[in-house]
Amino acid sequence: NSCQQKGLKLHINIAPELKQNWSGDSLRLSQILQNLLSNAVKFSSQGSITLSAYYQLQEQQHFLRFSITDEGIGISQEQLAQLFTPFKQPDTSQRLVNLMNGELSVTSELGHGTCFSFSIKVDKITSQTSEVLIETQEQIPDLSNKRILVAEDNLINQEIIKLMLETTKAQICLAENGRQVIQQVTAFQPD
């Protein structure tokens, strides 16, 4: 919603490998993405913001790598040097990334935008952990005959909710404001 209000385009590129089963701290990951995306929107007045996510195997360890790139005002070299000081929002993101055994980096050119990238170590759920997977699958309800209307103004949260609900086999409709909800209640007829 913030992107639309500022006339920005949001592109989301998620590699297919990320749809596999990974074990990690989704709450911290969500907070990191929200912090970095809100900064990208805050410091951009035109162009686009791109969120990319992909899998990386490094020294027999599994990592999910994310990058948030904007075409905003950019950051000067002096500001970059001060960026990860205490009480700054990216510093909060850096601490969260560190708690997840990952790394946060930034590249920027003044007047041309910024790219924050981070990777987090995750565990891949394999046949050795099938008991956990079976328990999880047993907890996922079969909603194949249900229609769910999700009202959420944050596009990133919409994508996360959509991914979470896909496993239920429900038909999903996303609305980002009250007007769309009213329209979709009639058109989509959710349960």
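Is Phe66 buried or exposed? Select Phe66 and see: this residue is buried, with a relative accessible area of 6% (buried means under 20%, exposed over 50%, partly exposed in between, with a 1.4 Å probe and protein chains only).

Before moving on, note that this is a predicted model, where local features need pLDDT of at least 70, side-chain atom pairs count only at pLDDT 80 or more, and totals for chains, interfaces and linings use all residues. Residues are numbered from 1 along each chain as its sequence is written, and side-chain values use heavy atoms, leaving out hydrogens and water.

Now colour by pLDDT, the predictor's confidence in each residue, from 0 to 100. The protein chain averages 83, and 87% of the residues score at least 70. Confidence is highest in β4, at 93, and lowest in helix α5 (residues 130-139), at a mean of 50. Helices (H or I, at least four residues) and strands (E, at least two) are DSSP runs, numbered from the N terminus.

A search of the whole structure finds 1 aromatic pair: the ring centres of Phe66 and Phe118 are 5.0 Å apart and their planes lie at 20°, so the pair is stacked. Phe66 sits in strand β4 (residues 61-70) and Phe118 in strand β6 (residues 113-124), so the pair ties together parts 52 residues apart in sequence. Rings of Phe, Tyr and Trp (its six-membered ring) pair if their centres lie within 6.5 Å; planes under 30 degrees apart count as stacked, over 60 as edge-to-face and the rest as tilted.

Stay in strand β6 for Ser119, which is buried at 9% relative accessible area.
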